[in-house]
Amino acid sequence: MARLHIDQVSKIYTGTQRAVDTVSIDVDDGEFLVLVGPSGCGKSTLLRMIAGLEAITEGAITIGERVVNDLDPAERDIAMVFQNYALYPHMKVYDNMAYGLRNRGIARDEIDRRVREAATTLELGPLLERKPRELSGGQRQRVAMGRAIVRNPAAFLFDEPLSNLDAALRVEMRLEIAKLHRRLDATMVYVTHDQVEAMTLADKIVVLQAGRIEQVGAPIDLYMRPANLFVAQFIGSPKMNVADCQPAEGGLAFANGQAMSLPGADAAARKIGIRPEHITLAPPEESDVTGVIDVIEQLGSDTFVYVEVDKVGLFTVRLVGHVEMTEGEPAGLRFDRDHIHLFGADDRALAP
Ligand code: ADP
C-alpha cells in the first residue's frame with residue numbers, strides 16, 4: 001500500500017474553466033479518503049486524473065514514491081472500481097477476477113491462490129462458476145471489488161460504486177466496503193455525492209465545490225465545525241437550518257423582531273445555523289423564535305417537524321421517537337447553545 005500526494009492539481013478541459021482548481025490533498029498509507037460534493041464539482045475528474053484516465057493540466061500526483069503524471073493507467077499500480085461494474089459478460093466470475101493477472105503473466109498457481117482468497121473475503125466462493133448475468137447487482141459489485149483486490153494494488157479508487165444499487169443493498173454494500181477497508185488496511189480514494197456514504201466510510205473527507213476544496217477533515221469534525229455555510233449545509237441530514245440574523249444587545253435578532261440571548265456572539269454574525277437535532281420545542285417564554293407547525297413527518301424512529309417562522313424561514317426539528325403533534329398549531333423553538341453555528345457576510349464560520 002502507498003501514500004498518495006496530490007499537489008496543486010488543476011484540470012482544464014476547454015477554454016479557461018477549471019473543472020479541478022489547484023487542489024492539494026495528502027492521503028496517508030492505509031487511509032480511506034472520500035471526495036464528496038454536488039454533481040459537477042470535479043470529484044470524478046480528480047479521481048480519473050489519479051487513475052490516469054484523464055490528463056493532468058497542472059500540478060503533480062505522486063503514488064508511493066513516483067510522480068505518475070506521465071505514466072499509463074496500467075503502470076500506476078492502482079485498481080479502480082466503477083459504478084457500472086465493467087465486468088466481462090461472457091466470462092465466469094473466476095475468469096473476470098483472474099483476467100488482469102493472466103495478462104500480466106502471473107503464474108497460474110499464484111492467480112488461483114489470489115482469486116480464491118479474494119472470493120473468500122467477499123463471500124463469492126459459491127459463485128465463481130457463474131456468469132455476471134446470473135448475479136444480483138450487489139454480487140456483481142462484489143466481483144468488481146474482487147477483481148481490484150487480486151491485483152494487490154498500491155491504492156484502490158472507487159467511483160460512486162454504490163449508486164446503481166437499491167437503497168437496502170447500498171447500506172449492505174457500504175458495510176462491506178468498510179469491513180474490506182479494515183481487513184485490507186488499504187489506501188482508498190472514494191468518490192460519492194452522498195454525504196451519508198462519506199460520513200460513514202471516510203477517515204478523511206474532502207468537500208469539493210466548483211473544482212475547489214471547501215474543507216478537509218475527519219467526518220465528525222466537518223459535522224461539528226464546518227468551515228463555511230456550504231459545508232454546514234452539505235454535511236448532515238436533514239440539513240442544517242440557516243436563518244439571517246443581526247447582532248443585538250446580549251445576542252442576536254431575527255428579521256421578525258424576536259431576539260435570542262447569546263452572550264459574546266461575534267458582532268460579524270449575519271447568519272445562524274442550527275441542526276434539526278439541536279432544536280427542542282419549548283413554551284413561549286423559553287423559545288428563541290416562535291412559528292407554526294407546517295408539516296409533520298413520522299418516521300417511527302424520528303419525528304421531523306417543519307415549523308414556519310414568519311419572515312425568518314422554515315425550520316426542521318428532529319425529535320427522537322414517535323411524538324404526537326398537530327399541524328397548524330403554534331410552536332416555540334429553543335436552540336441548544338452548545339451547537340450554534342454563526343456565519344459572517346462572506347459565509348465563513350465564526351466562533352459562536
Ligand atoms: P462530478 O464527478 O463532481 O459530478 P466531473 O468531474 O464529472 O464532476 O465534472 C466537473 C466539471 O467538468 C463539470 O463542469 C463537467 O461538465 C466538466 N467535464 C467533465 N468531463 C468533461 C469533458 N470530458 N469535457 C469537458 N468538460 C467536462
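A charge is taken to sit over a ring if NZ of Lys or CZ of Arg is within 6 Å of the ring centre and within 35 degrees of the ring normal. In this predicted model, Arg275 lies over the face of Tyr223, at 4.1 Å from the ring centre. The chain has 352 residues, of which 47% count as buried, and its secondary structure comprises eight helices and 22 strands.

**Overall dimensions and contacts**

- The C-alpha trace spans about 75 × 45 × 35 Å along its principal axes.
- Among contacts in the chain with a separation of 6 or more, 65% come from residues 24 or more positions apart.

**Aromatic pairs**

- A pair of aromatic rings is described by the distance of the centres and the angle of the planes.
- Seven aromatic pairs are found in a search of the whole structure.
- One of these is the edge-to-face pair of Phe254 and Phe335, with 6.4 Å from centre to centre and 80° between the planes.
- Phe254 belongs to the loop between strand S13 (251–253) and strand S14 (259–261), while Phe335 belongs to strand S20 (residues 330–335), so this pair ties together parts that are 81 residues apart in sequence.
- Phe254 counts as buried because its relative accessibility of 5% falls under 20%.
- Phe335, at 1% relative accessibility, also counts as buried.
- Phe335 forms a further pair with Phe315: the ring centres are 5.7 Å apart and the planes stand at 25°, so this pair is stacked.
- Phe315 is buried, its relative accessible area being 3%.
- Elsewhere, Phe32, Phe156, Phe158 and Tyr190 are linked into a cluster by ring pairs.

- Asp288 is located in the loop between strand S16 (279–282) and strand S17 (289–298).
- With a relative accessible area of 3%, Asp288 is buried.
- When neighbours within four places in sequence are left aside, the residues in contact with Asp288 are Phe254, Gln258, Ala259, Met260, Leu333, Arg334, Phe335 and Arg337.
- This list includes Phe254 and Phe335, the two partners of the edge-to-face pair described above.
- A polar contact of 2.8 Å joins the side chain of Asp288 to the side chain of Arg337.
- From Asp288 to Glu172 the separation is 116 residues in sequence and 41 Å in space, C-alpha to C-alpha.

**The four-stranded open sheet**

- Strands of a sheet pair through backbone hydrogen bonds, either parallel or antiparallel.
- Four strands form an open sheet in the order S11-S15-S21-S22, and their pairing is antiparallel.
- Strand S11 (241–244) and strand S22 (349–350) stand at the edges with a single partner strand each, so one side of each has no neighbour in the sheet.
- Strand S15 (residues 271–274) and strand S21 (residues 341–343) run antiparallel and are joined by three bridges.
- Ile272 has Leu342 as its bridge partner in S21.

Notes
Residues are numbered from 1 along each chain as its sequence is written. This is a predicted model: local features need pLDDT of at least 70, side-chain atom pairs count only at pLDDT 80 or more; totals for chains, interfaces and linings use all residues. Side-chain values use heavy atoms; hydrogens and water are left out. Rings of Phe, Tyr and Trp (its six-membered ring) pair if their centres lie within 6.5 Å; planes under 30 degrees apart count as stacked, over 60 as edge-to-face and the rest as tilted. Helices (H or I, at least four residues) and strands (E, at least two) are DSSP runs, numbered from the N terminus. Buried means under 20% relative accessible area, exposed over 50%, partly exposed in between (1.4 Å probe, protein chains only). Contact means heavy atoms within 4.5 Å. A polar contact is a pair of N or O atoms within 3.5 Å; within protein, one must be able to donate a hydrogen and the other to accept it, and residues adjacent in sequence count only if both atoms are side-chain atoms. Two strands pair if DSSP finds at least two bridges between them.
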